[in-house]
Amino acid sequence: MCMLKYCYELGVKYMTIYVFNIDNFRRSPEEVQYLMDLMLEKIEGLLKQETVINEYGVGIHFVGNLKLLDEPIRVAAEKVMQVTAKNTKSSLLICVAYTSTDEIVHAVQASCQEKWNEIQEVNANQSQNAEITEEKMQLDHVIKLVNIERHTYMGLAPDPDVLI
């Protein structure tokens with residue numbers, strides 16, 4: 001909360017903190033459980049500070065492969081994101097169950113699925129619209145950087161200016 005207040009006073013619009021790397025799941029089960037319990041405690045603390053967070057206009061976003069988290073943590077994180085969804089003065093991105101490698105894989109898979117769905121739709125409509133050429137189909141279904149960027153976890157914020 002102190003860092004949020006300082007960043008707010010300094011006019012920092014986007015803050016990102018790295019809380020739990022996917023590789024941390026390789027720790028002993030006791031360590032992982034301790035970290036999960038601590039994470040749940042801190043997320044619940046954010047919910048208790050909802051009034052202050054909303055006063056500062058901070059939208060909180062948990063980014064990463066949230067499917068890897070225990071259900072109580074995932075539910076609490078989703079609740080924090082929901083109660084701060086309308087806050088647009090600044091954003092706090094909390095990277096949890098995150099690695100850049102996993103983010104790239106996720107973005108590529110999501111982009112491929114999106115293009116596959118588009119191809120299926122075009123094929124279904126092709127009999128109705130005979131003017132769709134093979135060349136146009138090939139160009140429309142190439143995955144481009146913009147497609148992948150749209151599916152990244154960190155696409156919620158611009159690239160950082162300062163890394164501390």
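Reader: In this model, is Phe20 buried or exposed?
Author: The model is a predicted one. In it, Phe20 counts as buried, because its relative accessibility is 3%, and the cut-off for buried is under 20%.

Reader: How does Phe25 count in terms of accessibility: buried, partly exposed or exposed?
Author: Phe25 has 29% relative accessibility and therefore counts as partly exposed.

Reader: Which residues do ring pairs link into a cluster?
Author: Tyr18, Tyr98 and Tyr153 are joined into a cluster through ring pairs.

Reader: Turning to the strands, how many residues of strand 2 are buried?
Author: Strand 2 covers residues 58–63, and five of its six residues are buried, so the strand is largely enclosed by the rest of the structure.

Reader: In which sense does strand 2 pair with strand 3, and over how many bridges?
Author: The two strands pair in the parallel sense, over six bridges. Within this pairing, Phe62 stands opposite Ile94 of strand 3.

Reader: And where is Ser91?
Author: Ser91 lies in strand 3, which spans residues 90–98. Ser91 counts as buried because its relative accessibility is 11%.

Reader: What is Ser91 in contact with, leaving aside its neighbours within four places in sequence?
Author: With those neighbours left aside, Ser91 is in contact with Lys13, Tyr14, Met15, Val58, Gly59 and His61.

Reader: Now the surface. Which residues form a nonpolar patch there?
Author: The patch is formed by Met3, Tyr6, Leu10 and Val12, which together have about 450 Å² of accessible area.

Reader: Where is Met3, and is it buried or exposed?
Author: Met3 is found in helix 1, residues 2–10. At 57% relative accessibility, Met3 counts as exposed, since the cut-off for that class is over 50%.

Reader: What does His151 touch, not counting residues up to four places away in sequence?
Author: On that basis, His151 touches His106, Ala107, Ala110, Ser111 and Glu114.

Technical notes: Residues numbered from 1 in each chain as written. Predicted model: local features only at pLDDT ≥ 70, side-chain atom pairs only at ≥ 80, totals over all residues. Heavy atoms only, no water. Helix = DSSP H or I, 4+ residues; strand = E, 2+ residues; numbered from the N terminus. Buried < 20%, exposed > 50% of the residue type's maximum accessible area, 1.4 Å probe, protein only. Contact = heavy atoms within 4.5 Å. Phe/Tyr/Trp six-rings, centres within 6.5 Å; stacked < 30°, edge-to-face > 60°. Pairing = 2+ DSSP bridges. Patch = residues over 30% accessible without salt bridge, like charges linked within 9 Å, V, L, I, M, F, W, Y side chains within 5 Å. Areas by Shrake-Rupley, 256 points an atom, 1.4 Å probe, with all protein chains shown as cover. Salt bridge = Lys/Arg side-chain N within 4 Å of Asp/Glu carboxyl O.
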